[in-house]
Amino acid sequence: MLLQRQYSLPNCTLRIEGLSGQAGAEQLDIVTLCEWEIIGQNQRVKGGKEFLVALLNSVPAAAQTWLSGVKLRRSPQYPIQVEIQASNQVVLHIPRQLLQGSPTENADTPAQNGAGETLEVQLTWLQLADLVEALDQLCSDSQTLPTLIPTFHSLPRRAIAPAVPLRKQLMPLGIGAASLAVMAAIFFHLPVPERRPPREEALPPTPEAVTPSPAPTTPETPSP
């Protein structure tokens, strides 16, 4: 039996279609379609369960990064990579192998790379927040996919952008190397000091040895 679920937010709509193995059951056993419609961009991105799982693993992590203030380069451990840009913009890089539909349908986007291996979807933070809310409602709905739980992992160090740019980190090293080069050039042009023999300092005159004078002798008085 075909079942449909729809989660509508002001900036996006998430629609899930699947099959249930039991008649009258409300839970989906197989996901056949995951359609994400971005309101305001007239864009629909379609995929299967792999696309839905990739959204669950990637988008909440990007939202956590946004709330924590940690700048993230890219998340290589996720199929969908999230690139945070300036001016309140974020770009999702979605592999086309996760998508369904005709190539022209998903290629109808203003930004895409030349190789065509990934679909780039540019969002504002408000649109991303609505997508996170739609995914949260999906995970909280016990009548749709109760076993579908987003997984959270700690971010690797290489995925976090440094707080201080590399240029500023290398600036003191560059200034030190330049100062050392300038000082080496100055000392190179200075004459080499000549070595002079040590002067023989005049020794102070030694006092002459005083010869003790002989003691005066009294003449002997002749005896009468």
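These legends go with several close-up views of a predicted model.

**View 1**
Side chains of opposite charge can pair up when their charged atoms come close. Here Arg15, Glu35 and Lys46 are joined in a network of such salt bridges.

**View 1. Arg15 pairs with Glu35.**
Start with the salt bridge between Arg15 and Glu35, where the closest N and O atoms sit 1.9 Å apart. Arg15 belongs to strand S2 (residues 12-19) and Glu35 to strand S3 (residues 30-38), so this pair ties together parts that are 20 residues apart in sequence. Are the two partners buried or exposed? Arg15 is buried, with a relative accessible area of 17%, and Glu35 is buried too, at 5%.

**View 2. Glu35 also pairs with Lys46.**
Now stay with Glu35 and look towards Lys46: their side chains meet in a salt bridge, at 3.6 Å from N to O. Lys46 lies in strand S4 (residues 43-47) and Glu35 in strand S3, and the pair links distant parts of the chain, 11 residues apart.

**View 3. Arg44 pairs with Glu37.**
How far apart are the closest N and O atoms in the salt bridge of Arg44 with Glu37? They are 3.7 Å apart. Arg44 counts as partly exposed, at 41% relative accessibility, whereas Glu37 counts as buried, at 19%. The cut-off for buried is under 20%, so Glu37 falls on the buried side of it.

Take Cys12 and Cys139: is each one buried or partly exposed? Cys12 counts as buried, at 1% relative accessibility, while Cys139 counts as partly exposed, at 23%.

**View 4. Helix H1 crosses helix H3.**
Two packed helices are described by the angle between their axes and the distance between the axes. For helix H1 (residues 49-68) and helix H3 (residues 125-140), the axes come within 10 Å and cross at roughly 125°. That angle makes H1 oblique to H3. The crossing of H1 past H3 is left-handed. Which residues make the contact? On the H1 side they include Leu52, Leu55, Leu56, Val59 and Trp66. On the H3 side, look for Trp125, Leu128, Leu131 and Val132, among others. Cys139 from the previous view turns up here as well, as one of the H3 residues in the contact.

Note on methods
Residues are numbered from 1 along each chain as its sequence is written. This is a predicted model: local features need pLDDT of at least 70, side-chain atom pairs count only at pLDDT 80 or more; totals for chains, interfaces and linings use all residues. Side-chain values use heavy atoms; hydrogens and water are left out. A salt bridge is a side-chain nitrogen of Lys or Arg within 4 Å of a carboxyl oxygen of Asp or Glu. Helices (H or I, at least four residues) and strands (E, at least two) are DSSP runs, numbered from the N terminus. Buried means under 20% relative accessible area, exposed over 50%, partly exposed in between (1.4 Å probe, protein chains only). Axes are lines fitted to C-alpha atoms, for helices over the stretch in contact, and angles run from 0 to 180 degrees between N-to-C directions. Angles under 35 degrees count as roughly parallel, over 145 as roughly antiparallel, 65 to 115 as roughly perpendicular and the rest as oblique. A crossing is left-handed if the near helix is turned anticlockwise from the far one by less than a right angle, and right-handed if clockwise. Contact means heavy atoms within 4.5 Å.
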